[in-house]
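Work through the exercises below with the sequence and the 3D structure at hand. Try each task before reading its solution.

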Amino acid sequence: MKGIDDRTTTKTDVHTPPVTTPARPRFDPDAVLALMSARVDAVKEATAKYEAASVVSQAVLDFEIRL
Amino acid sequence: MTAPSTPPYAVLPFDDANYCVALSDRFAGRGPEALPQPARYLLGYLRHLRAATIVVEHDYTDGDFLDDVATYYVRSFVDYPRRCRRLHFFTDAFTADTFAAALVRRPQEASASGGASNAGASPVQTPLDLQASYLGFIVVRPLPNAIIGRTVLATYDADGGRRCYPAVKVYVAHLFGIELRVQSLAYQEQDTVLAACATVALWSAFQKSAELFNTISPTPAEITRAANQSVFDTRPLPSRGLRTEQMARAIREVGLEPDLIKCGAHVPLLSLLYGYLQLGLPVIMGINIEGKGGHAVTVTGFSLRPTPQVSHEEEAVTGAAVPRIGLRIDEVYVHDDGVGPFARMYVHSRTPKSENESAIYFTGQWTHDDGTPRRLDPRIIIAPVYHKIRLTSLDLQKWVLALHLLASASLDANPARALEWRVELRQANDLKAVWRDSVLPETERARILVARLPRFLWCATLTAEGAPIMEVLFDATGMARSFPGVDILYHDKTFRDETRLVLALSGTEQVLGEELTEFLREKT
């Protein structure tokens, strides 16, 4: 099985063994939800930017490739 | 019937002088500096591949050039020959005598002797050995300029795994009855009559899309004709280039759809290229060459390093940056008809000056007169996709953002784990082959391997320190408006358990959205 950096000239298997997780603090789902809530406006703004980026204007269609 | 005045082939040791002569007698004795740019690039490329012998096939009929002749050159006042030369390159050194012996040797004789040759002769005498040292070929067109026709050469080596060429295929060359194979993507130089750079960029991409999607692989003349069916403000021939709209038209003519993305400030360009290339699909990139103008190249591969090489590839909103695999790409490899095949473009990041400027630019072999590199600004990318692939890479980004919000908040408890997302277009059967061989739990493998999946999937994989945490599958044939999530594979049981706890809380829907939350609850 190949790791992510064992790629050769073809599509690759990018799966590697699961990470050995170091000891973690006790998981607090309420704290996670609070953290997510604090960032949600930024995510909504970023989503709007991706949606705007996917609109193709006439200027893009008219881009001339002449070299 | 009179015997031809030129022998059918010649065998030459590979060196600068012989390479020039093999291309054309008019370069004899003039040295590599007299060669036009792509021919000069190919000389350096073949040196790097350690070519040792050239076999010149003097009388070769090339289908693409024949179509060019039939479309245009045959109606010129000047007589243009319709047959080409084809140069084959090998890493082993051998003589004309040993090649002649290999030509007539029966395959069973070769295997009976274990591939060994006659005493005193070179070991490269059997078709099998010729295959082992085969590097590919260059078709040399009998034109005054633009002599480099269809060129199929091996890629650079993988250099420890960093160089990746996903968009190649196997080509079979028949050399006097000997079948020789090489993995590559065909390249050719524009002749500026039937094909400009945009046409040959499409031509290279169609070589592979034809294999992937069972569509046609048209000649340059056919592509130029198709592209000019919608825009009539200039004459199609001689071709002076194409607009984006015309390239899109040419893609539709072969039965595919153009996934057209403008390279603005908020487009993660390198990760998008990676995503399409992982299907094996070449991507056409329109670039503006500083001080020269619009140009098109075909992206065929990339160099992937173990750690990030650029600080950013898009202008991200503060608090919503997604770490993506594109940050680890430091070079992309392109078929650039003005340079050559598998040409390097070095990746640089910058702060975009406007919404329409990419955070990434490139430098390569296009230089100013003083030798400093010209800046190559990406403007568009076009992926010629199967018509049923309706979900684009950009469509997926809103869900990747939300998934990263969940994952980063959950995994923030352990800041040592560097997260990374890669979003790639794959065929379900290819993914199943990967999963079968993966370390997923047996029950999970058994479930997903027999699952009914769409032929094409977008697979969004989250890794931590290089190891997979989860894979989220989206139906690439689905619609962005109706949530196209298909399945989730969890590689990390702890993360799955913790995600369940978060999803059980009321209020998750307000953060992640109802569709995604419902999907996650069902699949987690």
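This is a predicted model: local features need pLDDT of at least 70, side-chain atom pairs count only at pLDDT 80 or more; totals for chains, interfaces and linings use all residues.

Residues are numbered from 1 along each chain as its sequence is written, chains are lettered from A and ligands numbered from 1 in the order in which they are written, and side-chain values use heavy atoms, with hydrogens and water left out.

**Exercise 1. Describe the interface of chain B and chain A.**

Step 1. Take the residues in contact (heavy atoms within 4.5 Å). Chain B supplies 97 residues and chain A supplies 53 residues.

Step 2. Take the buried area, which is the accessible area (1.4 Å probe) that two parts lose on being put together, summed over both. For chain B and chain A this is about 6200 Å², and carbon and sulfur atoms give 63% of it.

Step 3. See which part of chain B contributes. Helix α11 (residues 393-411) of chain B gives the most to the side that touches chain A, with 11 residues. Helices (H or I, at least four residues) and strands (E, at least two) are DSSP runs, numbered from the N terminus.

**Exercise 2. Find the strands that join chain A to chain B.**

Step 1. Strands pair if DSSP finds at least two bridges between them. Strand β1 (residues 64-65) of chain A and strand β9 (residues 242-243) of chain B run antiparallel and are joined by two bridges.

Step 2. Within this pairing, E64(A) has R243(B) as its bridge partner.

**Exercise 3. Trace the five-strand sheet of chain B.**

Step 1. The sheet is open, with antiparallel pairing and the order β1-β2-β3-β4-β5. At its edges are β1 (9-13) and β5 (148-153) of chain B, each pairing on one side only.

Step 2. Five bridges link β1(B) to strand β2 (residues 53-60) of chain B in the antiparallel sense. V11(B) has V55(B) as its bridge partner in β2(B).

Step 3. Helix α2 (residues 37-48) of chain B lies across β3 (84-90), β4 (134-140) and β5 of chain B, at about 20 degrees to β5(B). Axes are lines fitted to C-alpha atoms, for helices over the stretch in contact, and angles run from 0 to 180 degrees between N-to-C directions.

**Exercise 4. Trace the four-strand sheet of chain B.**

Step 1. This open sheet has the order β17-β18-β19-β20, with antiparallel pairing. β17 (419-427) and β20 (485-490) of chain B are at the edges with a single partner strand each, so one side of each is left without a neighbour in the sheet.

Step 2. Eight bridges join the antiparallel strands β18 (residues 456-464) and β19 (residues 467-475) of chain B. L457(B) has D475(B) as its bridge partner in β19(B).

Step 3. Helix α10 (residues 269-277) of chain B packs on the sheet and touches β17 and β18 of chain B, at about 35 degrees to β17(B). Helix α12 (residues 428-436) of chain B lies across β17, β18, β19 and β20 of chain B, at about 125 degrees to β17(B).
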